[in-house]
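Open the model in a viewer and keep the selection panel at hand.

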Amino acid sequence: MDATYDYLVWLFPAAAQWPSWLVTLVITALPALACFTFMSLGPLVYVYAERKVAGFMQDRLGPMRVGPYGLLQTVADTVKLLFKEAIFPRKVDRKLFVLAPILVNVGAFMPFVVIPWGARLQPADLNVGVFYVSAIAALSTVGIIMAGWASNNKYALFGAMRSAAQIVSYEIPSLLIILVPVMLVGSLSLLDITQAQAGGLQNWLLFRYFPIMPVAFVCFFVTGLAETNRAPFDIPEAESELVAGFHTEYSGFFFAMFFMAEYTEMFVFSAVAAVLFLGGYLAPHPALQQVGPVAMGWFWLWFKAWSLMFVMMWLRWTLPRSRVDQLMYIAWKVLLPIALVLVVLVGGLVLIPATANGFPWDRYVAWPLTLLLVGFLTLVMIRALRWDKGRARELALPAGGAAPARQVAR
Amino acid sequence: MSAASPTGFVSDWDQDGLDTDEMVVNMGPQHPATHGVLRVELRTDGEVVRAARPHIGYLHRCFEKHCENVDYPGVMPYADRMDYCAAMGNTLGFALTVEKLCGIEVSPYVQTVRVIMAELQRIASHTIAVGTYTMDIGAFTPFLHLIRDREKILDLFEWTCGARLLYNYNWVGGVSHDLPDGFIRATRDFLREFETVTFPELLDLIIHNRIFVRRLSHVGVCSPELAISYDLTGPNLRGSGIARDLRKDFPYSGYESYDFDVCVGTGQYGPKGSCFERNWVRVVEMRESAKILHQALDRLEKTEKADVHEKVPKRVKPPKGEIYFRSEAPRGQLGYYLVSDGNINPYRVKVKSPCFTAMSVFHHLAKGMLIADVIALIGSLDIVLGEIDR
């Protein structure tokens, strides 16, 4: 709030003389508007990216027709969805049917309130930030169950029940793992957690207590996949089993709202994971925090969130879907024990003064090792790409010259 | 409703006694994973399926009745449309049946061409089967990788006979078109790419994927006894560990002279006869088909070219009599029972469809499964509704 006020006065010096109700209105409405715009338009980009990533992995181009490189495809899709009729089947519970996508979106959008994009670029710095995020994000579960119930459709109901079971199960290990960075920093505020990681890459929470925090990060990522209904945990909307799951009966803009919520949830989760483990808006090196007069915090958080989102897309287009019972098995018998052990371990280590800020080797081992790993993976990907191209050339021209042109009548 | 339903087999199906905590779900006929217009009535208790009853007949096109009203060459396009994913196999079976009744012996060249087409079709059909199966399990990418290679096979078919899906290629006494120049090399190019790129990628990407294996390796286990008693054939039977392949056991079209293995379920990740094993048989059969193709292409180079219409009769008019002939179509044993009264059109045609018998075991295996596994089971039986309903 104060930060917004300062910005306002910096932009319009006359604002200092405005009546207090007007100032309050403006400094409340402006961030809200900015966040809302960002969130509403975000899915356009996410969906386009997802389709391009999918195309890349599946040996095809993805959208190419609308605009250059298909850039306007999602815009066209949105326009289509906006103007399509929203069909209400006769036996739906209309009130709940309309309320459900709204609730899902509330759950997806509200966490943005506490995500810090810079030292002062945060709509509200709640002192219970992480707790608030988990609590408000769980609202979308209510929306999903409501959608399933109100649709009066058996597949939708299946999807809703699966979603309820899944999200409730995964909330528990997720919250336990969130406790780990919270214990390390000693604060629930996302801004405090970010600032505790200041000073460059080596101070990120991911690299504390070398083998422990990476494990926590991976587990948190898995729970995030489950909570955002992404593959391989997309059973609430498993298209090959439940048609479209809880949003089977939705059409037009109501369907678009579910779609929007799904991608926004992805982004929110990625941003929160970036804040908790990857230093949030902090640059890998302090020198990169500011380029000239421009603070780059927003860019770094955006970049980290996008990297995590890319991994999510990567997983979605690679892995098959797991089954309901296997999902529960992973939650209760794998993730929960790991999370408990992590909480106890880190909780104990924090109490020992010598290890309160991580093991001595963290500074020398953890992040160079991670950098090496990332570099190696990048190399592998580049080599795969080049190999693909070489192979295509080789196959196009087999030994002994090209095969004669096929005379295929079209 | 009484227990005695028209279909007979569901004595445990009693809707009057339906408990309040059980729900009847109609899966299909419009459902993304029933592989066509199959309707499955599921009685579910939460996620668990207590009973499953398949309803077929949504794609019934009176194939057998149609055949009685057209002449023998005219049956071919209808036979194409039975198993539309493997049209070459259908017409090959029918052509062989009529040839056997008429006593026509085609030249070795035509036999080799037919084998090449049948095996290419087997690869194409199995790419569809395996690809859609991975999609049922939730992985979309392998499907498109496989479809990419199927397109190349369809290109070869189109190059040869002008059609990409329903070819009318096998005729009584021959084939409709000779292979074009350069076909052998183009096929070898395709095989090289398939064997060096797509096949290893498929194994790495999905078949040995841990999630995939865990989803399927203990699901829908069909014991050898059950498989035999329900007359499963083809990959479904071989998945249960029984090495039965008509190409080996009752060879036709010169299959006896090719060197290939009959693929059976190995039980590498779980019991034999599971969904994984049935799918696995299809996967490795693609490799065996490629092996046959290599040999057939070599042979084709050595064989003297013959007129593919040499033995095609002007009017197909078999003598009075009846005959039953079965061949190994991609989905199993496809049998044609043919009665001829000496006219130019058959008196009666009856098809023994491999998918139909595969569907008959469905209710037995589906009992007690999770809903997700029902999808996996339908996919692993690899049904094509065009052939079930005919």
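Domain bounds here come from an automatic or database domain assignment. On that basis chain A is divided into domain 1 (1-66) and domain 2 (84-360). This is a predicted model, in which local features need pLDDT of at least 70, side-chain atom pairs count only at pLDDT 80 or more, and totals for chains, interfaces and linings use all residues. Residues are numbered from 1 along each chain as its sequence is written, while chains are lettered from A and ligands numbered from 1 in the order in which they are written.

**Stop 1: the two domains of chain A**

Colour domain 1 and domain 2 of chain A separately; their centres, taken over C-alpha atoms, are separated by 20 Å. Their contact (C-beta atoms, placed from the backbone, within 7 Å) takes 14 residues from domain 1 of chain A and 17 residues from domain 2 of chain A. Next select helix α2 (residues 20-57) of chain A, which gives the most to the domain 1 side, with 12 residues. Helices (H or I, at least four residues) and strands (E, at least two) are DSSP runs, numbered from the N terminus.

**Stop 2: a helix pair in chain A**

Select helix α3 (residues 73-83) and helix α11 (residues 252-277) of chain A, which pack at an angle of about 135° with their axes 6 Å apart. Axes are lines fitted to C-alpha atoms, for helices over the stretch in contact, and angles run from 0 to 180 degrees between N-to-C directions. The angle makes α3(A) oblique to α11(A); angles under 35 degrees count as roughly parallel, over 145 as roughly antiparallel, 65 to 115 as roughly perpendicular and the rest as oblique. Show Thr78(A), Leu81(A) and Leu82(A) of α3(A), which make the contact with Gly252(A), Phe253(A), Phe255(A) and Ala256(A) of α11(A).

**Stop 3: where the chains meet**

Now show both chains: the contact takes 38 residues from chain B and 30 residues from chain A. On the side of chain B that touches chain A, the largest share, seven residues, comes from α5(B).

**Stop 4: strands in chain B**

Select strands β6 (residues 321-329) and β7 (residues 332-340) of chain B, which pair in the antiparallel sense over nine bridges. Strands pair if DSSP finds at least two bridges between them. β6(B) and β7(B) form a hairpin with two residues between them, and Gly321(B) stands opposite Ser340(B) in β7(B).

Notes
Contact = placed C-beta atoms within 7 Å.
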